[in-house]
Amino acid sequence: MAAFGTVFMPQMAISRFEGSQWSPAEMVASDSITLHPGAHVLHYSSTCFEGLKAFKQPNGSIKLFRMDKNIERFAQSSRLLSLPAIDKSATAKMITDSVAQYASEVPAPPGSMYIRPTHFGIDPAIGKAAAPSLTSMQYILLSPVGEYFSSDAGGLRLLLDETGMRCAPHNGMIKSGGNYASALRPIMDARDKYQADQVLFCPGGFAQETGAANFLLIDDGEIITKALDESFLHGVTRDSILTLARDMGLTVSEREISVAELLERSAKPGCEAALSGTAAVLAPVGTFIHNDKEYVLGNGKEGPVTRKLRQAMNDIQWGLAEDKHNWLVDV
Ligand SMILES: Cc1ncc(COP(=O)(O)O)c(C=O)c1O
């Protein structure tokens, strides 16, 4: 099976901002775009993107999951990068129309259609290091994907990093390429040195997020995760899982969690940890690595609460359980 995100639908919806307005969306070939080599994005990283999914329902119809939340975050990222404001309803229409065009290509569960709205500055101006791009391009790439994660697999190995940070703290809630570039070197080092799968960035000694997911600790009927602030990405999956956890009667605590508390709790039988994100929903953490020591959670594999929460979320996405919170949107 092809690697996640490497297969694309042949066409994509595209629109440009010039002057004071967005051009009408067009469908164009998805294998190339034309950019000036001096385009703002290529020099000053004026770029943001989103990741959401469309799911095939038992009756064959296609539903998008929480598109409004992703569009809100896309608008927020664009605003915080001083890009032209997106037109939220035009973006929603670009997404729904392109998914509708490729409805027959949406894989059945556990697969889905991964949707990647992308927005970046295209001013051909290399003197704008400290000035925003006034023109921009937006497109919606579609990529059919299979199951990201097999529940038989062991839990992830997570390096707890108290010295580095994923990105500049004032940029954390922007879903921008520069933040991923900034996290890459610590992640590669952690892979080389510790065979870690991911780095849990813990600036100042408190758990924040990994390179591409939010972090949740589950212990004794309680889910603990960092409260929202501007230093990290406000995951749509995080919000959905916390909502489902409340529905199940778990206690949700949004607060700081120190590395010391993490390590102490990880030794207790029944303690679970997981990463939340659109790609995998919830991926179990099996091992924390800290100061050259390893701390295995439970049997190092997926715990029952993680499994139950992921199943509850998948059941809603796949149309197998009631969509109580109106998260599914018609295409
Ligand atoms: C840095 C980062 N944090 C958190 C998330 C989780 O966000 P969401 O649940 O909206 O996919 C992602 C990924 O998608 C991410 O890249």
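## Basis of the description

The structure is a predicted model, in which local features need pLDDT of at least 70 and side-chain atom pairs count only at pLDDT 80 or more, while totals for chains, interfaces and linings use all residues. Residues are numbered from 1 along each chain as its sequence is written.

## Two domains and their contact

The domain assignment of the protein chain, with bounds that come from an automatic or database assignment, gives domain 1 (11–145) and domain 2 (156–317). The centres of these domains, taken over C-alpha atoms, are separated by 27 Å. To their contact domain 1 gives 18 residues and domain 2 gives eleven residues, where two residues are in contact if their C-beta atoms, placed from the backbone, lie within 7 Å.

On the side of domain 1 that touches domain 2, the elements giving two or more residues are strand 4 (47–49), strand 5 (52–56) and helix 2 (67–80); here helices (H or I, at least four residues) and strands (E, at least two) are DSSP runs, numbered from the N terminus. Helix 2 provides the largest share of that side, six residues. By class, the side of domain 1 that touches domain 2 divides into seven nonpolar, six polar and five charged residues, with Ala, Val, Leu, Ile, Met, Phe, Trp, Tyr, Cys and Pro counted as nonpolar, Asp, Glu, Lys and Arg as charged, and the others, Gly among them, as polar.

Strand 11 (residues 214–219) and strand 12 (residues 222–225) run antiparallel and are joined by three bridges, pairing being assigned if DSSP finds at least two bridges between two strands. In this pair Leu 217 stands opposite Ile 224 of strand 12. The two strands form a hairpin with two residues between them, and Asp 220 in the turn has a positive phi of about 55 degrees.

Strand 12 also pairs with strand 13 (residues 251–254), in the parallel sense and over four bridges, with Ile 223 opposite Val 252 in strand 13. From strand 12 the chain crosses through helix 5 to strand 13 in a right-handed β-α-β crossover, the term meaning that, with the strands pointing away from the viewer, the path from the first strand over the helix to the second runs clockwise.

## The shell around the ligand

The largest share, three residues, comes from helix 5. Of the 13 residues around the ligand, those that come nearest are Leu 233, Gly 235, Val 236, Thr 237 and Thr 278, a residue being near if its C-beta atom, placed from the backbone, lies within 6 Å of the molecule. The shell has four nonpolar, seven polar and two charged residues.

## Two contrasting residues

Ser 136, found in strand 8 (residues 136–145), is buried because 27 other C-beta atoms lie within 10 Å; the cut-offs are 20 or more for buried, 12 or fewer for exposed and partly exposed in between, with C-beta atoms placed from the backbone. Not counting residues up to four places away in sequence, Ser 136 touches Phe 17, Leu 83, Pro 84, His 119, Phe 120, Gly 121 and Ile 122.

Asp 315 lies in helix 7 (residues 304–317) and counts as partly exposed because it has 15 C-beta neighbours inside 10 Å. Asp 315 touches Leu 320 and Ala 321, again not counting residues up to four places away in sequence. Between Asp 315 and Tyr 114 there are 17 Å in space, C-alpha to C-alpha, and the two are 201 residues apart in sequence.
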